[in-house]
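Here is a briefing on one protein chain. Please look over the sequence and the model before reading on.

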Amino acid sequence: MKRIVALFIVSLMVLSSVGCVNVFADDGIKVKINGVEQKYDVMPIIINGRTLVPMRGIYEALGAKITWIDATKTVVGSRDNKYIKLRIDSDSWYINGVEQETKLDVAPQIIKSRTMVPIRFIAESFGEKVEWDADTRTVEITSDYLNRVAVSDKLATLPSTFHRDIPREFEKSNKLGDWLYFEHENPMESVNMSVYGKSTEIFSPDEFINLASFSAKEKITENEFGKVEIVDVEGQDFKKAVRVTTHTVPEATNQHVLLYGNILKDRFKTGDHILMSFKTRLVDGGTMDMNGEKMQGKIWPCIQQPVSYRKTIWLTCYPDKEWQTMYVPAVMGENASDLAVRFGYCDAPQTVEVADFRIVNFGEEAPRDYLLPKFTGQSFSNDLSPDSSWRKDAEKRIEQIRKGDFKVVVKDEKGNPVKDAKVNFDMFESAFPFGSVFQTSTSDKYTKEWSKYFNMAVLETNMKWGYYEEHPETARKMLNTARNAGMIYLRDHVMIYERHMHTSTVRLIPDDVMDALVNGNREYVDKRTKEWIYRISDEFAGEFTEIDVSNELSLLQPPGTFKYIGTNNDVLYHSGGFYNIMGPEYYDNIYKWVKEVNPDSLMFYTDSTALVDPEQRKTIITPILDSLFKNEHKFEAIGVHGHSSAARIPMESHEERFNEYYEKYGALSSITEFNVNSGNENYDANFARDTLIICLANEHFNAFNLWGFKSSKTSSKCFMDANYNLKPAGKALIDVIYNKCYTHDAKAVTNEDGAATVRGFYGNYDVTVEANGKVKKAMVAFHKGYENVLEINIDDDKFNPVEEKEDKNPIVSENKDTNLPDGGEVILSHDDFLERVTGNTLTKYLSKDDAGLVTVKINEKPEKDTAVHLTFGSDYIGNKIKPGDVCMLTFKARLMSGGEEGVGYIKPYVQASKEKGYKKALFARTTFGTEWTTCYLPFVGIDGLTGAGVRFGGMAQTLEMKDFSLINYGTKVDLSVLPSTIME
C-alpha cells in the first residue's frame with residue numbers, strides 16, 4: 001500500500017513539473033516537413049492534445065533563426081523578417097513586438113532541460129500548412145517557403161526573401177580599381193563654416209593688420225632680421241595683407257615675431273572651443289618641401305599664457321606660392337590670452353604674406369557633428385588621387401575578405417551528378433550592412449529611396465531612454481516601415497546616452513534617474529537602469545543586430561556641470577551621470593544587463609573624433625576604452641562617428657585604427673554616423689569613396705552607416721540633395737557597394753562531378769539551374785563562415801520556379817490613400833511640412849516627433865485665425881501649379897482636446913502673389929473628429945500661384961496631423977472624381 005501511494009505522489013510531481021495533467025511522451029509520433037521525416041534528439045511530447053517538439057529542431061528545420069534569452073526564459077524565432085516571441089509557461093505570444101489577442105493552447109515548457117514548443121503553432125505562425133494523420137500518427141507540414149529557400153547546415157539562414165529595387169546601372173565597370181573619381185581643388189578653400197554652429201569673433205582681421213608690430217608695446221616694423229609692411233592685394237576677397245620679410249634667419253625662433261600681447265584677455269573662458277584661421281602665401285624664398293615638389297615657407301602661430309608661457313596653440317604652418325587658408329582649432333587654456341606669430345622659425349630667408357586673420361569662439365560645448373577643420377598647409381589630398389598606392393593594396397584585401405567560393409552541386413533523381421548544367425548566381429542582397437538613419441515613415445518617396453540604397457536602419461532619437469518612455473509607439477511604427485522596405489539589419493541607438501537631454505526638451509536620461517544619479521541614490525539608479533534595459537530589449541527581443549550600449553562619453557563635462565535653458569528654467573546636465581558620477585566600473589553592470597537580454601547582438605561603444613583626428617583618438621578616446629575594458633563585461637565592437645568636414649587624416653590611418661581596436665580590445669569596428677560636408681562636393685565624393693574602400697578592405701570592419709541620407713533645407717547630407725537627386729558622394733558610394741562589391745549574374749557550368757563554382761561577394765542570391773530541359777530557382781544565403789554548398793536535385797519538386805508577380809517588392813505605406821488616383825506629382829510633401837514646423841516662430845503652438853507626427857496646441861482662441869498660421873512660400877510652391885491643373889491638398893488629423901463638441905477646425909489655402917492680389921485657388925475650412933480623419937481639399941489652379949498656408953487659430957484646440965501632401969494631377973484627372981471634405 002505504501003508503495004502505491006509513493007508512486008502516486010511521484011506521478012503527481014512529474015505532471016506538475018510541466019504544468020498539465022495530460023502529458024504523454026510518444027516515440028510513435030512522427031513529424032514530416034514536405035515529406036521528409038524529421039529526427040530530434042528528444043522525442044515529441046503530447047500535452048492536452050497538442051504535440052510539443054524541441055525548440056531548436058523545429059525552428060532550424062523551417063529555416064528560422066532562433067534566439068534564446070535565458071534571463072527572461074524567452075524564445076524568439078525569426079524568418080523572413082517576421083519575429084515570433086514566446087515565453088516559457090506563458091500562453092501569450094508576439095509578432096514583431098505586438099502581443100496577439102489569441103492565446104496559446106499550450107505554453108512552451110522546459111522538460112528534462114529541453115525547451116519544448118507546440119509544433120502546430122510554430123509552423124502555422126510562419127504561414128505553413130499543418131495536418132495531423134491519425135492513422136500514421138504523423139504531423140505533416142507543407143512549406144512553400146522551403147520550396148523557394150535553401151535551408152542547410154552548409155548555408156547561412158536567409159534573413160529575408162525581400163528583393164529591394166537596388167541600383168543596377170553604373171557609369172564604370174564592376175572591376176575593382178575602375179573607381180569613380182571627381183576632380184577637386186583643396187577643400188580647405190571652400191570650408192562650409194555653417195556646419196559648426198554659432199560662433200563669436202574674438203580677434204578680427206583689422207586688428208591683425210593695424211596692430212602688426214615686432215613689439216606689443218610700441219610700433220616697430222623693422223629689426224635686424226627683416227621687416228613687416230602692409231600691402232595691397234588684388235584678385236582676392238580681401239584687400240590688405242601683412243607682408244613679413246625675413247632676410248636673416250635668427251638663431252632663436254622668438255627673435256622675429258609679430259607680437260599682439262595680452263590682447264585676448266576677457267574675450268574667452270577656459271575650456272572654450274576656438275578656431276584660428278588665416279590666408280597666407282609664400283612670396284619669395286623658402287625651402288623645398290619634403291616631397292621635393294614645391295617651395296614652402298614656415299610660420300608659427302602661438303597662443304599662450306603670458307606668465308608661465310603654457311601653450312594653447314603652438315604649431316607650424318607651411319605657406320606655398322598660392323594663397324591657402326590655414327585652420328587651427330584649440331580648446332582655450334586658463335589665461336591663454338597672449339597672441340603672437342613667429343616668422344623666425346624658418347629654415348631659409350623668406351617673404352610671407354598673411355591676411356584675413358581671425359579667431360572665432362564656439363563656446364564651452366564643441367560642435368557635435370563635425371570636428372573643427374585643421375589645416376596647416378601640408379600635403380592634403382594626394383591619397384585621394386586616382387593612382388594612390390594604398391588603394392591597390394586595399395583592392396586585394398577586399399577580394400580576400402569580402403568574397404568567397406560558392407558551389408552548386410546538381411544531381412538527378414538517382415543521385416548521379418549532372419554535367420553541363422547551366423548555373424546563374426545573381427545577388428539580390430549584400431551580407432555587408434550598409435545603412436542610414438531612418439528618420440520618418442510618413443513619406444512614400446522617402447521610404448522608397450531609402451529602400452533602394454540601404455539594408456540597415458538606425459533611429460536617431462526614438463529608442464533613447466527618455467524619449468522612448470514618453471513615446472513608446474513611434475519606434476515600432478518606424479521600424480515596421482523600414483522592415484517592409486527591406487531592412488534586414490537593425491542598430492539600437494542608444495541604450496544609455498550619458499547626457500540628460502539635448503538642447504531641446506528631449507530627455508535622453510529620464511528626470512528621476514538623473515536626479516538619483518546626482519543625489520547618489522545607487523539603489524534607485526540600479527533598479528531603473530536594469531528595468532529600462534530589460535524593457536526595451538524584451539519589446540524588441542531578437543531584433544537588434546547591433547546595440548550602441550554607450551555613446552559619446554568623450555563629450556561629457558566635469559561632474560555636476562549644468563545650465564538652465566528654455567522659458568521654464570529646464571536643467572541640462574552636461575555631465576550625464578553614469579561614467580562621471582558612478583564611475584567607469586558601473587558600466588560593468590550596464591554591459592552585463594544588456595548582454596543578458598540580447599545574447600546574439602553585437603555590443604558597441606560608440607564615440608566621435610576617432611575618424612578624423614588620430615591625436616584626439618589617442619588622448620581622448622583610448623583612455624575611455626581602456627577604462628571600460630578593465631571591466632569583466634565590456635564592449636565587443638567600437639563605433640566610430642564619421643562626421644567629417646574638411647578636417648581629415650590619410651586613409652592608411654583608418655587601417656591602423658581598426659587593427660589596433662581588434663588587437664588591443666578584440667573589438668570589431670563600424671562607421672556609425674558618416675557624413676562629410678567640406679563645402680566642396682567633389683572632394684566629399686572622393687573622401688566618401690575612399691573611406692568606404694579602406695573600411696571594406698579591413699577584416700575587422702563590420703558595417704557602414706550614414707547619419708541621414710537626404711538633405712533638407714536645414715541639414716546638408718553628402719548622399720542626396722533635398723529633391724532626392726544623388727550628389728557626387730552618393731554616386732561614389734553606390735558604385736562601391738552595388739557595382740564593385742556586388743555579384744551580378746555570375747555564370748558557371750557544372751563539371752563531371754555535377755559541381756559549378758563561382759567566387760562572389762558574400763550575400764543573398766537567386767540561384768538558377770538549367771539542365772535536362774528543367775529549371776530550378778532557389779534563394780540562397782552565401783555568407784562568410786559557412787561551407788556555402790547548395791545541393792539541387794534536378795528531378796524533384798523542390799525549387800521549381802513560380803511565375804513572378806508584376807510587383808514583388810511593394811513598399812508598404814501606412815499613409816497610402818486608396819481614395820486618390822495615381823499619377824499625380826507631389827509638389828508639397830509631409831517632409832516639407834515638417835521643415836516648416838521646425839523653421840517657423842510658432843514653437844509655443846507647434847511641435848513634431850521623429851515619426852513625423854505634428855501637434856498643434858492652442859489653449860486660448862486667438863482674435864484671428866491667422867495668429868497660428870503656417871505658410872509655404874515660393875520656395876515650396878513657386879510656379880508649379882498652372883491654370884487649369886487639378887490639385888488635391890490632403891492630410892490626416894484628429895482632435896485630442898478642445899474644439900467644439902468633439903470637432904476640430906483647420907483652414908488651408910493656396911494663393912497667388914501680392915501682385916496678383918493674393919487671389920486664392922483654395923480657401924476653405926475642413927473639420928475632423930477625435931479619430932483619425934482624412935481631409936480632402938481639391939481645387940483647380942489659377943494664374944500666378946506662388947504660396948500656400950494652413951490656419952489653425954479658429955478655435956481653442958489640441959490636434960495632431962500627419963501625411964500632409966499637395967498633389968498636382970495636371971489635366972489627367974477630372975475634379976469631380978476627387979473626394980472632398982470642404983465645408984460649404
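Lys294 and Asp320 form a salt bridge through their side chains, at 3.1 Å from N to O. Lys294 sits in the loop between strand E21 (287-288) and strand E22 (295-296), and Asp320 in the loop between strand E24 (311-314) and strand E25 (324-331), so the pair ties together parts that are 26 residues apart in sequence. The model is predicted.

**Salt bridges**

- How many salt bridges does a search of the whole structure find? The search finds 51.
- Asp41 and Arg114 make one of these contacts, with their side chains 2.9 Å apart, N to O.
- That pair links distant parts of the chain, 73 residues apart. Asp41 is in the loop between strand E3 (36-37) and strand E4 (45-47). Arg114 belongs to strand E12 (residues 114-118).
- Asp41 is exposed, with 57% relative accessibility. Arg114 is partly exposed, with 37%.
- Glu131 and Lys129 also meet through their side chains, in a salt bridge of 3.4 Å, N to O. Glu131 is partly exposed, at 40% relative accessible area.
- Which residues are linked in a network of salt bridges? They are Glu201, Lys279, Asp356 and Arg358.

**Overall make-up**

- The protein chain has 984 residues, and 57% of them are buried.
- Its secondary structure comprises 17 helices and 56 strands.
- Take the contacts between residues at least 6 apart in sequence: 74% of them join residues at least 24 apart.
- The chain's accessible surface is about 42,900 Å². Carbon and sulfur atoms account for 47% of that area.

**Nonpolar cores**

- The largest nonpolar core holds 132 residues. Within this core, Phe425, Phe578, Phe704 and Val767 touch the most other members.
- Helix H15 (residues 681-696) is the top contributor to this core, giving nine residues.
- A second core is separate and has 46 residues. Its members include Tyr196, Ile263, Met326 and Val360.
- In soluble globular proteins, nonpolar side chains tend to be buried together.

**Cysteines**

- How many disulfides does the structure hold? It holds zero.
- Cys317 is buried, at 0% relative accessibility.
- Cys346 is buried as well, at 5% relative accessible area.

**Strand E32 and its partners**

- Strand E32 (residues 489-497) is mostly covered, with nine of its nine residues buried.
- Strand E31 (residues 456-458) runs parallel to E32, and three bridges join the two. Across this pairing, Met456 stands opposite Tyr489 in E32.
- Strand E33 (residues 546-551) also pairs with E32 in the parallel sense, over five bridges. Here Ile496 stands opposite Ser550 in E33.

**The sheet E6 to E10**

- Five strands make an open, antiparallel sheet, in the order E6-E7-E8-E9-E10.
- Which strands are the edge strands? They are strand E6 (65-69) and strand E10 (98-99), each of which pairs on one side only.
- Within the sheet, strand E7 (residues 74-79) and strand E8 (residues 82-87) run antiparallel, joined by six bridges.
- Gly77 has Ile84 in E8 as its bridge partner.
- In a regular strand the side chains alternate between the two faces of the sheet.

- Asp91 lies in the loop between E8 and strand E9 (93-95).
- Is Asp91 buried or partly exposed? Asp91 is partly exposed, with a relative accessible area of 34%. That value puts Asp91 in this class because it is between the 20% and 50% cut-offs.
- Leaving aside neighbours within four places in sequence, Asp91 is in contact with Lys103, Leu104 and Ala107.
- Asp91 and Lys103 are 12 residues apart in sequence, and their C-alpha atoms are 5.3 Å apart in space.

Methods
Residues are numbered from 1 along each chain as its sequence is written. This is a predicted model: local features need pLDDT of at least 70, side-chain atom pairs count only at pLDDT 80 or more; totals for chains, interfaces and linings use all residues. Side-chain values use heavy atoms; hydrogens and water are left out. A nonpolar core is a set of buried Ala, Val, Leu, Ile, Met, Phe, Trp, Tyr and Cys residues joined through side-chain atoms within 4.5 Å. Buried means under 20% relative accessible area, exposed over 50%, partly exposed in between (1.4 Å probe, protein chains only). Helices (H or I, at least four residues) and strands (E, at least two) are DSSP runs, numbered from the N terminus. A disulfide is a pair of cysteine sulfur atoms within 2.5 Å. Contact means heavy atoms within 4.5 Å. Accessible areas come from the Shrake-Rupley method with a 1.4 Å probe; for residues, only the protein chains shown count as cover. Two strands pair if DSSP finds at least two bridges between them. A salt bridge is a side-chain nitrogen of Lys or Arg within 4 Å of a carboxyl oxygen of Asp or Glu.
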